[in-house]
Each structure stands twice: as structure tokens, then as C-alpha cells.
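Hi,

Here is the structure I promised to pass on. Have a look at it first, and then read my notes below.

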Amino acid sequence: MSEIKSGSIQGMEDNLKKAVTEMLVLTLLKGEDMYAGQILEEMEKRSGGALSIVFPYAVLYRLIGNGYIMEAYKKIAPDGRRRQYYQITEDGRRHVLELTDLYRRFIGGVEILLEGGKTCGE
């Protein structure tokens, strides 16, 4: 198996996904409590298939460890199986606002640069 180079398109895509995954999961959980499979489905559906998570539990456990989400309850999901639902915490709500602000400032700067940049006074 060949290693993906960080300068490659695939390497860049992987790094971008890693950088925004926590923000996206928190954003989804702001709207409603979800189980892991539902998070995956919603992310793919709402992004038009552009985004997916390969290892959702790694992200979920990291968010739990940081106090941004919690295992809320178990209930029967629409597929008939008993599922663990995750819920965003107040710390998570604050954190996702900060992440979203940072993301928008960063992406805005990237867009300005790609368009040729602005000089002072423009």
C-alpha cells in the first residue's frame, strides 16, 4: 500500500477533512441528538456527498474527552436497533461557535488570496 504524500491532492483533502470534522459533528449535534451512523449519513447527505468520516468513534471519543459532547441516552433508532445517542454540551456549543468563526475568517483570507489579494485601503 502506497503512502499518501502531504503535497498530493489526496493528502490535502485528508488534512482539510481532519481540520473541520469536529466542527461539522458539533454543528450537526447543535440541531439534534444523533447516533454515530446518523451523524455519518447526515454529513454525507447535507454535504452532497462531498464529506464523510472514516473513523467516527475516534472523533466522538475525542469530543467526549474534551467535554464538548456526551453520551446522552440509548433508544431504538428508526432502523429498529438500539443506538447510543450523543448530545452537545454547553462547552460544545461555545466551542463550535469559536471554531466556526475561526473557519470563516481563515477561509475568507484564503479566498482573498486566491482572488489576487487586497492591498491596504482597497
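Which residue in S3 is the bridge partner of Lys-75? That would be Arg-83.

Before the rest, some ground rules. This is a predicted model, where local features need pLDDT of at least 70 and side-chain atom pairs count only at pLDDT 80 or more, while totals for chains, interfaces and linings use all residues. Residues are numbered from 1 along each chain as its sequence is written, and side-chain values use heavy atoms, with hydrogens and water left out.

On confidence: pLDDT is the predictor's confidence in each residue, from 0 to 100. The protein averages 90, and 92% of the residues score at least 70. The mean is lowest in helix H1 (residues 9–31), at 88, and highest in S3, at 97. Helices (H or I, at least four residues) and strands (E, at least two) are DSSP runs, numbered from the N terminus.

Now the sheet. It is open, with three strands in the order S1-S3-S2 and antiparallel pairing (two strands pair if DSSP finds at least two bridges between them). S1 (34–35) and S2 are at the edges with a single partner strand each, so one side of each has no neighbour in the sheet.

Next, the helices. H1 and H4 (residues 90–114) pack at about 130 degrees, with their axes 9 Å apart. Axes are lines fitted to C-alpha atoms, for helices over the stretch in contact, and angles run from 0 to 180 degrees between N-to-C directions. H1 and H4 are therefore oblique to each other (under 35 degrees counts as roughly parallel, over 145 as roughly antiparallel, 65 to 115 as roughly perpendicular and the rest as oblique). Contact means heavy atoms within 4.5 Å; among the residues that meet here are Val-20 and Met-23 of H1 and Leu-99 and Tyr-103 of H4.

How are H1 and H2 (residues 36–46) oriented to each other? With an angle of about 100 degrees and axes 11 Å apart, H1 and H2 are roughly perpendicular. Their contact includes Leu-24 and Leu-28 of H1, along with Ile-39 and Met-43 of H2.

Cheers
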